[in-house]
Amino acid sequence: MEKIKLLIVGDGMIKEGDFKADHIKKRLDLFDEYGAEISYDTDLSLESDGNARSEAILRIETGGPEWVKYTPEVLDAVKDADVIVVCYSGVNSELVKAAKKCKLLGVLRSGVENINVKACTEQGITVSNSPGWVSEPVADFAVAMMLAFNRNISRDDLSKRPGWRQGFPDGFKPILIRDATVGMIGFGIIAKKWRSD
């Protein structure tokens, strides 16, 4: 039986050494049972257009991955992979075309903004993301923002900075959280993390 070739593409956020850590290596070793051959490659294409990493991530999330330029090494690495796993790396039509054997693209984040899903679908590649990947920290952050707003923390901080001239509207009175009713628009993974049972 021919081995399934699983390619993990690191993007600076995920490094090859991360996959050698015991807790991750134990999970990857489970693929041996299925005859998987795991390899790793580094893709720094997000920075290929002279963008800083954070600017590149914002650009890919708002405009898609088609602007990304790959090194010949990355394009060569994907050509024999049956399964490709990425996090923030862009997967555009050029990479999809090079990944001739790929049948599954795993995305280690909740969104697929960095993936040309249409190109993947046209080539018969199933795209699988990771809903809820960072839902707990995002839920914590949402609660922190509600508390900060209710207690005027940001406005108070701004008012003490040099050059601040804008006043705040009078009449806002913070309330105790125990007396608050919080309305949620939508009830997805994040909202469910901090609801009261």
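This is a predicted model: local features need pLDDT of at least 70, side-chain atom pairs count only at pLDDT 80 or more; totals for chains, interfaces and linings use all residues.
Visitor: What makes Cys-87 a buried residue?

Guide: The relative accessible area of Cys-87 is 6%. Buried means under 20%, so Cys-87 is buried.

Visitor: What makes Cys-120 count as buried?

Guide: Its relative accessibility is 1%, and the cut-off for buried is under 20%. Cys-120 also belongs to the largest nonpolar core, which has 24 residues. Together with Val-78, Ile-84, Val-86, Val-91, Leu-105 and Ile-115, Cys-120 touches the most other members of that core. Among the elements that give two or more residues to this core are β1 (4–10), α2 (53–63), β3 (83–86) and α5 (117–122). Helix α4 gives the most, with 3 residues.

Visitor: Which residues does Ile-84 touch, leaving aside those up to four places away in sequence?

Guide: Ile-84 touches Leu-7, Val-9, Val-78, Ala-99, Cys-102, Leu-104, Leu-105 and Gly-106. Another core, of 7 residues, lies apart from the largest one, and its members include Leu-6, Leu-28, Tyr-40 and Val-85.

Visitor: What makes β4 and β5 paired strands?

Guide: Pairing needs at least two bridges, and 3 bridges join β4 to β5, which run parallel. One of the residues involved is Gly-106, whose bridge partner in β5 is Ser-128.

Visitor: Why are β2 and β5 said to stand at the edges?

Guide: The open sheet has 5 strands in the order β2-β1-β3-β4-β5, with parallel pairing. β2 (36–42) and β5 (126–128) each have a single partner strand, so one side of each is left without a neighbour in the sheet. From one strand to the next, the twist averages 20°.

Visitor: What makes the contact between Arg-109 and Glu-61 a salt bridge?

Guide: The closest N and O atoms of the two residues are 2.3 Å apart, and the cut-off is within 4 Å; the pair therefore qualifies as a salt bridge. Arg-109 lies in the loop between β4 and α5, whereas Glu-61 lies in helix α2, so the pair ties together parts that are 48 residues apart in sequence. A search of the whole structure finds 7 salt bridges.

Visitor: Are Arg-109 and Glu-61 buried or partly exposed?

Guide: Arg-109 is buried, at 9% relative accessible area, below the 20% limit.

Visitor: What makes the phi angle of Asn-152 worth a remark?

Guide: Phi of Asn-152 is near 60°, a positive value in a residue other than glycine. Asn-152 is found in the loop between α6 (135–150) and α7 (153–159), and at 21% relative accessibility it counts as partly exposed.

How values were computed:
Residues are numbered from 1 along each chain as its sequence is written. Side-chain values use heavy atoms; hydrogens and water are left out. A nonpolar core is a set of buried Ala, Val, Leu, Ile, Met, Phe, Trp, Tyr and Cys residues joined through side-chain atoms within 4.5 Å. Buried means under 20% relative accessible area, exposed over 50%, partly exposed in between (1.4 Å probe, protein chains only). Helices (H or I, at least four residues) and strands (E, at least two) are DSSP runs, numbered from the N terminus. Contact means heavy atoms within 4.5 Å. Axes are lines fitted to C-alpha atoms, for helices over the stretch in contact, and angles run from 0 to 180 degrees between N-to-C directions. A salt bridge is a side-chain nitrogen of Lys or Arg within 4 Å of a carboxyl oxygen of Asp or Glu.
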